[in-house]
There are 2 protein chains.
Amino acid sequence: MAFTLTRYPIIQAPMAGGATTPELVAAVSNAGGLGSLAGVLLPPDQLAEEIRRIRARTARPFNVNLFVLKPVQATPEDLRAAMGLLEPIRAELGLFQANVPSKFSQDFAAQLEVLMEEKPPVVSFHFDVLSAQVVERLQQAGCKVIGTATNVAEAIAWEQVGADYVCAQGAEAGGHRGTFIGPFEHAMTGTLALLPQVVDAVKIPVIAAGGIMDGRGIAAALLLGAVAVQMGTAFLTCPESGIHPLYKQALLQAKGDPTVVTRSFSGRPARGLRNTFIERMQPYEAQVPPYPIQNALTAEIRQAAAKAGRIEYMSLWAGQAASLCRSLPAAELIKTLVEETQQSLQQVWGSQVWPA
Amino acid sequence: MAFTLTRYPIIQAPMAGGATTPELVAAVSNAGGLGSLAGVLLPPDQLAEEIRRIRARTARPFNVNLFVLKPVQATPEDLRAAMGLLEPIRAELGLFQANVPSKFSQDFAAQLEVLMEEKPPVVSFHFDVLSAQVVERLQQAGCKVIGTATNVAEAIAWEQVGADYVCAQGAEAGGHRGTFIGPFEHAMTGTLALLPQVVDAVKIPVIAAGGIMDGRGIAAALLLGAVAVQMGTAFLTCPESGIHPLYKQALLQAKGDPTVVTRSFSGRPARGLRNTFIERMQPYEAQVPPYPIQNALTAEIRQAAAKAGRIEYMSLWAGQAASLCRSLPAAELIKTLVEETQQSLQQVWGSQVWPA
């Protein structure tokens, strides 16, 4: 099975929180990969505007990602309790006047309508599966649909609603776990173990995500049966990525595996660099309200921390191979990845480790 | 870097608890892989005897593995408390008379002396690093030394004491985590992310372990920079493997990722199939005494469960890709793995997914 969306089977992962600027998305697409815009946090009009800004910069295919969200409710008591947990950290950042948001996320249905109207060539989804009807509407609008799965059951669910591709998210992946069938702890399978299981279970082509940082990882994923890879952390340190300079620096200085999975920032398990916020919230991890409530409640903290350059309270999503980050413009990174992958394939194929 | 110990760069992992019979070890070695005996639970004289039984069956290189253990102590109160946690499960198995062992493990120093005398071609170690002196003595006896690492720091530690190879154990791996530098939770890195980091950090050749079940996994590991792979779960379902028939059956029927990491059986984190024992002990996980104490305290339960065919109380170590298990004689499995790996390499190399 071939990946026909782009010249190279390399997808720059959607990453919310400012990373996936139109400049990054377009640079990746122009270089022959598939750039992805993280749309989850954008109001519908801004989502449409960002899509147009990408279109102004590239004529190549690109992807827009949304989180599949259902409306949530929280009682004033729940919110007070949740804000109470954050109070000591807010105080340290000088946030004394608590502004409890009345709205916890953007309106997913309205965001979906933007996709139907703007018709990006590729749309991808996280956190849950869409209905077959919605998938069909997107496809009729001309969008290819990618669903995210963290286990075999979820991959089958996406196949059943008619997705064009399924992205298998291994436990190494930075950012939010996409698990929607079963508890997330039961879907922390490493990419190397998850990928062949998903490939065997579905007929639609599989995209590999989690821990892939260079041509070695790409070559490995292709051999495991993926038609393409999705790489997030590797693109965070591109100059086109919009993340905080201190966050970029931390990634470039990372040693070993500096990550942990936490619910503390958003209410949903996500992998990022260990820092003070995560450590201080760790004892209360089970009490934190679900996504997107906690995400809304910590927004002020994350903004204030970014403004003050207090990296210890920022969310620093990253995968388990963050120490392999490098600082290359997106186009150069794509070019390097392609060369490395070819070298990797050649090296083993031509070597003596595997006698005939 | 080439793997010169055996014809094929495939190591059958040492697995304690009866899996690695001399028949399995010899069959793997005779087929061109590296068979491994798990020596940890064997008294010195029996360890020597098993090595001789392997030698009687193969003239090819094989490996003997030990856990690097320091003497441990437990107060009678600690032991009573730990036995108390196990009481309800013991009662269900009809184990009313508690026999608290006075010795929790074999004498590691005496086991090491057996290796020096018997001189197996390869020796491998788990749980800690050896001193440079001991590594040198083993090498002078003619043994190649493999150390296990779960993070970059541990790989460097093994390189510094002069190990010939380091085995990078990804989070997918079945059985015990080898972590000895830092908490184990910080060393749960997936193979795809861990392997390139270790390969970049050390000059000695790296063996990949964790989640590898077939030729796709082997090809992927080689592309990630490993010179060889170590596969455990894949060999558990060989007819030569000495595990309980119900355990074999559970592996062959596994779907998705049915595993979890637990301290409950042995006192040290290890990955196995989720069952009643693990679920019932889960609330007390933090109270369980360290390895090898808990391992000794649960021995009677595991034996009684095996005898009674009560799989819900057996330890069923397995990796995250257990659902890819198949029932082939070891020699046939090696042959199949070799063919699959070659096919995997050929498929991608010859395909159109990667334009020139």
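Here is a short exchange about how some descriptions of this predicted model are reached.

In this predicted model, local features need pLDDT of at least 70 and side-chain atom pairs count only at pLDDT 80 or more, while totals for chains, interfaces and linings use all residues. Residues are numbered from 1 along each chain as its sequence is written, and chains are lettered from A and ligands numbered from 1 in the order in which they are written.

Me: Why is Ala155(B) called buried?
Reply: A residue is buried if 20 or more other C-beta atoms, placed from the backbone, lie within 10 Å of its own; 12 or fewer make it exposed, and anything in between partly exposed. Ala155(B) has 27 such neighbours, so it counts as buried.

Me: And where does Ala155(B) lie, and what does it touch?
Reply: Ala155(B) is in helix H6 of chain B, residues 152-160; a helix here is a DSSP run of H or I with at least four residues, numbered from the N terminus. Contact means C-beta atoms, placed from the backbone, within 7 Å. Leaving out residues up to four places away in sequence, the partners of Ala155(B) include Ala168(B) and Val198(B).

Me: What makes a group of residues a nonpolar core?
Reply: Such a core is a set of buried Ala, Val, Leu, Ile, Met, Phe, Trp, Tyr and Cys residues joined through C-beta atoms within 7 Å. The largest one has 242 residues, and Ala168(B) and Val198(B) are among those touching the most other members. A second, separate core of 6 residues includes Met188(A) and Met188(B).

Me: How do you know that Leu115(A) is buried or exposed?
Reply: Count its neighbours again: Leu115(A) has 24 C-beta neighbours inside 10 Å, so it is buried. Leu115(A) sits in helix H4 of chain A, residues 108-118, and its contacts include Val64(A) and Cys143(A).

Me: Why are the two copies said to be related as by a two-fold rotation axis?
Reply: Copies are superposed by least squares on the C-alpha atoms of residues with pLDDT of at least 70 in both. Chain B can be laid on chain A by a turn of 180 degrees and a shift of 0.0 Å along the axis, with an RMSD of 0.0 Å. The copies are thus related as by a two-fold axis. In chain B, the C-alpha nearest that axis belongs to Ala220(B), at 2.0 Å.

Technical notes
Helix = DSSP H or I, 4+ residues; strand = E, 2+ residues; numbered from the N terminus. Contact = placed C-beta atoms within 7 Å.
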